[in-house]
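Biologist: Please put the model on the screen and take me through it by question and answer.
Modeller: Here it is.

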Amino acid sequence: MKRGDFWIAYVLLLVAQLLLSNYFHVTPYIFLTILPVMVLCIPIRVGTTGAMLIAALTGLTVDYLSEGVLGLNALALIPVAYFRNGIIGLVFGRELFARKEDFSVERCGFGKVAMALFLSTLLFLVIYIWADGAGTRPLWFNGLRLAASLGASFVVSLLTLGVLAPDPRK
Amino acid sequence: MRGRGILSSIANLVIFILLEVACLHLVTNNAALQRTWVARGSHAFMGTVWGASESVRHYFTLSAENKKLVEENNELQQQLAKAQHRLRQARIDTTQTDTHPGYTLTPAEVVKISRNKQHNYLIINRGFEDGIQEKSGIVTSKGVVGIIDAVSEHHAFALSLQNHDISISARIGNEGGSGILVWDGIHSNVALLKEVPLQYHYQPGDTVFTSGHSLLFPPDIPLGVAGESRVINGATNEITVTLFQDFGSVRYVTVVHNDSFDEIEAF
């Protein structure tokens, strides 16, 4: 995937996230997000600092342009960017960094990619739901919301993988 | 290369913290709920930090605290000594009342007592300069303690009731039979009332008093409670007596001396 293509896809998915945030209110138990997968798929060569800045900008954009508390998405998304290298190293191994290659389903396998996606989404949702509840919601509600949101967001995020992390051989 | 990696990690961490703090600041400025939540959390955190720092500060001021406590302890000990002196004076005033006419009562304090021998003794802090004489009894409110055997200038040596060499005259109940009370030699609080005539009946639980038949002790000092009995040689009863006196805690005693002792002994 060319650099320019990725960033175009990134912006388009950001718009998609805005639509989801503004119009997808089926139930309070489900918070649908594709922000973690977007950050996870930022090219490795960007580095952690760059990824964190992009994540902050992305989160603030969503916060500003959608209904919600300003800073909340950024607060949850920056840790995903910070731990992104750790997750990638843990799931795919350190060779990707040595070769400066981005991961893809075709290269690394669906299971590993799904695992990395799951971990980053989980990290994001734990922080988001915890901060959104602000200690006012019971644990069972937060737990249920986390499980439902994680399931829904994971499925939607998998669908975006084809755009963000396509087969490099194509 | 490795140092550069560490620096890069530190820089990333610093940026991460700065970005998160900035986001948290944004969140708290834009939502009352989150503002309260963060404030509550920060107060709890500060409370923990301050508590820990106070603990550390207290640890380093322990030396001064100890010095202060020692001074306080010293002062309290001085006050206690004064109070004990006043208490002793008060005991002297109250015990020298004429509760046993014909007897001279002198308060004393036990300075040494033995309890684990067959011939036990005690030493009191009153001697012949205080008017103490040989052949005087030693009592407390709980009964007889012993008999004075030797007297020095400021101290007196007495045979304890827990001594096979002494016996005292005692009776059961107000009008019961009299006998000789001696220590059983086994238990610290058990004595035997011997030579009680068979015609005198008693009930277990009856109180045993000094009879007043001896010259050493005034009558009616309660000594203990009668228990089981057995007939000796078909002629007398031997009754087990549980003593009131706890020899383990005896400290303040009264020396009783019969004013007519010498006169009666002369007969």
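Biologist: How many bridges join strand 3 of chain B to strand 12 of chain B?
Modeller: Strands are DSSP runs of E with at least two residues, helices are runs of H or I with at least four, and both are numbered from the N terminus. Two strands pair if DSSP finds at least two bridges between them. Strand 3 (residues 137–140) of chain B and strand 12 (residues 252–258) of chain B run antiparallel, and the number of bridges joining them is 3.

Biologist: How is the model numbered, and what cut-offs apply?
Modeller: Residues are numbered from 1 along each chain as its sequence is written, while chains are lettered from A and ligands numbered from 1 in the order in which they are written. This is a predicted model, in which local features need pLDDT of at least 70, side-chain atom pairs count only at pLDDT 80 or more, and totals for chains, interfaces and linings use all residues.

Biologist: Which pLDDT does chain B average?
Modeller: pLDDT is the predictor's confidence in each residue, from 0 to 100. In chain B, 94% of the residues score at least 70. The model scores ipTM 0.83 and pTM 0.50. The average pLDDT of chain B is 83.

Biologist: In strand 12 of chain B, which residue is the bridge partner of Ile138(B)?
Modeller: Strand 3 and strand 12 of chain B are joined by 3 bridges. The partner of Ile138(B) in strand 12 of chain B is Val255(B).

Biologist: In what order do the strands of that closed barrel run?
Modeller: The barrel belongs to chain B, has 6 strands and is paired antiparallel. Its neighbouring strands are turned by 45 degrees against each other on average, direction ignored. The order is 1-2-5-4-3-12.

Biologist: Which residue in strand 7 of chain B stands opposite Ile168(B)?
Modeller: Strand 6 (residues 168–172) of chain B pairs with strand 7 (residues 178–183) of chain B in the antiparallel sense over 4 bridges. The residue opposite Ile168(B) is Leu181(B).

Biologist: Which residue in the turn between strand 7 and strand 8 of chain B has a positive phi?
Modeller: Strand 7 of chain B pairs with strand 8 (residues 190–197) of chain B over 4 antiparallel bridges, and Ile180(B) has Lys194(B) as its bridge partner. The two strands form a hairpin with 6 residues between them. The residue with a positive phi, about 80 degrees, is Gly185(B).

Biologist: In strand 11 of chain B, what is the bridge partner of Ala191(B)?
Modeller: Strand 8 of chain B and strand 11 (residues 236–243) of chain B pair antiparallel over 6 bridges. The partner of Ala191(B) is Val241(B).

Biologist: In strand 10 of chain B, what is the bridge partner of Phe209(B)?
Modeller: Strand 9 (residues 207–210) of chain B is joined to strand 6 of chain B by 3 antiparallel bridges, where Arg171(B) is partnered by Phe209(B). Another 3 antiparallel bridges join strand 9 of chain B to strand 10 (residues 222–232) of chain B. In strand 10, the partner of Phe209(B) is Pro222(B).

Biologist: Are helix 3 and helix 4 of chain A roughly parallel or roughly antiparallel to each other?
Modeller: Helix 3 (residues 47–65) and helix 4 (residues 72–82) of chain A pack at about 160 degrees with their axes 8 Å apart. Axes are lines fitted to C-alpha atoms, for helices over the stretch in contact, and angles run from 0 to 180 degrees between N-to-C directions. Angles under 35 degrees count as roughly parallel, over 145 as roughly antiparallel, 65 to 115 as roughly perpendicular and the rest as oblique. Helix 3 and helix 4 of chain A are therefore roughly antiparallel.

Biologist: Which helix supplies the largest share of the side of chain A that touches chain B?
Modeller: Contact requires C-beta atoms, placed from the backbone, within 7 Å, and 16 residues of chain A are in contact with 15 residues of chain B. Helix 3 and helix 4 of chain A each supply at least two residues of that side of chain A. The largest share, 5 residues, comes from helix 4 of chain A.

Definitions and conventions. Contact = placed C-beta atoms within 7 Å.
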